[in-house]
Amino acid sequence: MGERKGVNKYYPPDFDPAKHGSLNKYRNSHPLRERARKLSQGILIIRFEMPYNIWCDGCQNHIGMGVRYNAEKKKVGNYYTTPIFRFRMKCHLCPNYIEMQTDPASCDYVIVSGARRKEERWDAEASEQVVATAHEEKQKLETDAMYRLEHGTQDQSKLQRALPTLQNIQEAQSAWKDDFALNSRLRRKFREEKKVLQEEEKKDLALQARANLSIPLVQEAEEDRHLAALLKYQSLDSYEDKQKQKRNEIVDRPWFSSTKTNDTLKKLAFVGKSPSSKSLVPLNSLGVVCRKSRDTKQTSSEGETFDAPAQVNRQDNGTSEMFFDSSGPSGGSQKPEGSPPSSFAASLVADYSDSASGSEAEL
């Protein structure tokens, strides 16, 4: 900060470089300004960064590694020729002060007071890391020849035990020696697989949109293809085909119910063959309406008029008429006594309505 402020400064008229030397001496100020306000006590204000995670003893809050403070730095001793510095700083969450100092023996920082360390250390030997040789062992190796010889023998035996593992590692690494070709091959394979996956995704999206599905589709298998090949699907008829088929069914359907017609014919046949055919049979029970017809009359030589034999015409051109005679099967029997002669033959028409229509006649 002093160097930055020393650029482009104003030099007063009474400034003498030979007498004053610098503007700081001319103004009786230190180049570090406020940072050197306790320099007479051997304390320098520096910017200190927390080396590891700690817990403050004053507020019991966690202070993470890398948090910076304005700390008072001073020298408190030496480790051989290496100075030991102590740092005193104020917690930013409470009025508690934290003191830490360097530990050159272990290349670490030690908390003196005001906080406790969050223990995250591990044993290097347990994790099979390279351990630095201790200072005492270094001195012994330099001064004791027999110890150095034994130490070398131990190192050779350790190398022989680790040699197969090292060879396997070297062989595995030799397979990846041409890393550019391997990388190109992997990227080519990745692009091909990506295209296949994109095509399958497009097909799945098209199928989901066509079938209006919202469920994820699984990947096809050979068994699924074989099973789908064995199945046969028939397309549904269109609306026009269904309407045409329905019209054809209506046209081909008989006008009258087959069951009711058969029952009526059976009743007619039973009445005609019965010996008591002269008995009265109500027409409405047969579903028959009697109406007059000017058909051909049959007249005998005695002047008696006989009705035509009973005739039953089946469905013809959309109409169905039944001609009924109460006489026996021969058709030549006379009418019962007391009945008025009639010059008209009785024309019977089948009536399947619920309402009684026409005049009812008795046979």
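## Arginine 117 and its salt bridge

Arginine 117 is partly exposed, at 24% relative accessibility. This value, like the others in this report, is computed from a predicted model. The side chain of arginine 117 forms a salt bridge with that of aspartate 108, with an N to O distance of 3.0 Å. Aspartate 108 is likewise partly exposed, at 23% relative accessibility. Arginine 117 is also one of the residues touched by asparagine 53.

## Overall architecture

The chain contains nine helices and 14 strands. Of its 363 residues, 19% are buried. The chain exposes about 29,100 Å², and carbon and sulfur atoms supply 52% of that area. When contacts between residues at least 6 apart in sequence are considered, 46% join residues at least 24 apart.

Helix H6 spans residues 179-211 and has 33 residues. From its first C-alpha to its last, H6 reaches 47 Å, close to the 48 Å expected at 1.5 Å a residue. Asparagine 212 follows H6 and has a positive phi, near 55°.

## Asparagine 53 and its surroundings

Asparagine 53 sits in the loop that links strand S1 (44-49) to strand S2 (54-56). Its relative accessible area is 14%, so asparagine 53 counts as buried. The side chain of asparagine 53 reaches the backbone nitrogen of methionine 65 at a distance of 2.7 Å.

Residues up to four places away in sequence aside, asparagine 53 touches His62, Ile63, Gly64 and Met65, and also Arg117, Lys118 and Glu120. Two of these, lysine 118 and glutamate 120, are joined through their side chains by a salt bridge of 3.7 Å, N to O. Lysine 118 is partly exposed at 32% relative accessibility, and glutamate 120 is partly exposed at 44%.

## Histidine 92

Histidine 92 belongs to the loop between strand S5 (82-90) and strand S6 (97-103). Its contacts, leaving aside neighbours within four places in sequence, are with Ile63 and Tyr69. The side chains of histidine 92 and tyrosine 69 are joined by a polar contact of 2.8 Å.

Isoleucine 63 and histidine 92 are 29 residues apart along the chain, and their C-alpha atoms are separated by 9.5 Å. Isoleucine 63 is also among the residues touched by asparagine 53.

## Cysteines without disulfides

The structure holds zero disulfides. The sulfur of cysteine 56 has its closest cysteine sulfur in cysteine 94, at 3.7 Å, which is too far for a bond because a disulfide requires sulfur atoms within 2.5 Å. Cysteine 59 is in no disulfide either, and the nearest cysteine sulfur to it, that of cysteine 94, is 3.7 Å away.

Cysteine 56 and cysteine 59 can also be described by their accessibility. Cysteine 56 is buried, with a relative accessible area of 0%, whereas cysteine 59 is partly exposed, at 22%.

## Salt bridges in and around helix H7

The structure holds nine salt bridges. One of them joins the side chains of arginine 225 and glutamate 222, at 3.3 Å from N to O. Both residues lie in helix H7 (residues 222-230), where arginine 225 and glutamate 222 are three residues apart, about one turn of the helix. Arginine 225 is partly exposed at 44% relative accessibility, while glutamate 222 counts as exposed at 59%. Salt bridges with shared partners link Glu220, Glu222 and Arg225 into one network.

## Positive phi in loops

Most residues other than glycine have a negative phi. Arginine 33 has a positive phi, near 55°, and is not a glycine. Arginine 33 is located in the loop between helix H3 (23-27) and S1, and at 26% relative accessibility it counts as partly exposed.

Glutamine 60 is another non-glycine residue with a positive phi, of about 60°. Glutamine 60 is placed in the loop between S2 and strand S3 (62-63). With a relative accessible area of 45%, glutamine 60 is partly exposed.

Technical notes. Residues are numbered from 1 along each chain as its sequence is written. This is a predicted model: local features need pLDDT of at least 70, side-chain atom pairs count only at pLDDT 80 or more; totals for chains, interfaces and linings use all residues. Side-chain values use heavy atoms; hydrogens and water are left out. Buried means under 20% relative accessible area, exposed over 50%, partly exposed in between (1.4 Å probe, protein chains only). Helices (H or I, at least four residues) and strands (E, at least two) are DSSP runs, numbered from the N terminus. Contact means heavy atoms within 4.5 Å. Accessible areas come from the Shrake-Rupley method with a 1.4 Å probe; for residues, only the protein chains shown count as cover. A polar contact is a pair of N or O atoms within 3.5 Å; within protein, one must be able to donate a hydrogen and the other to accept it, and residues adjacent in sequence count only if both atoms are side-chain atoms. The expected span of a helix is 1.5 Å times one less than its number of residues. A salt bridge is a side-chain nitrogen of Lys or Arg within 4 Å of a carboxyl oxygen of Asp or Glu.
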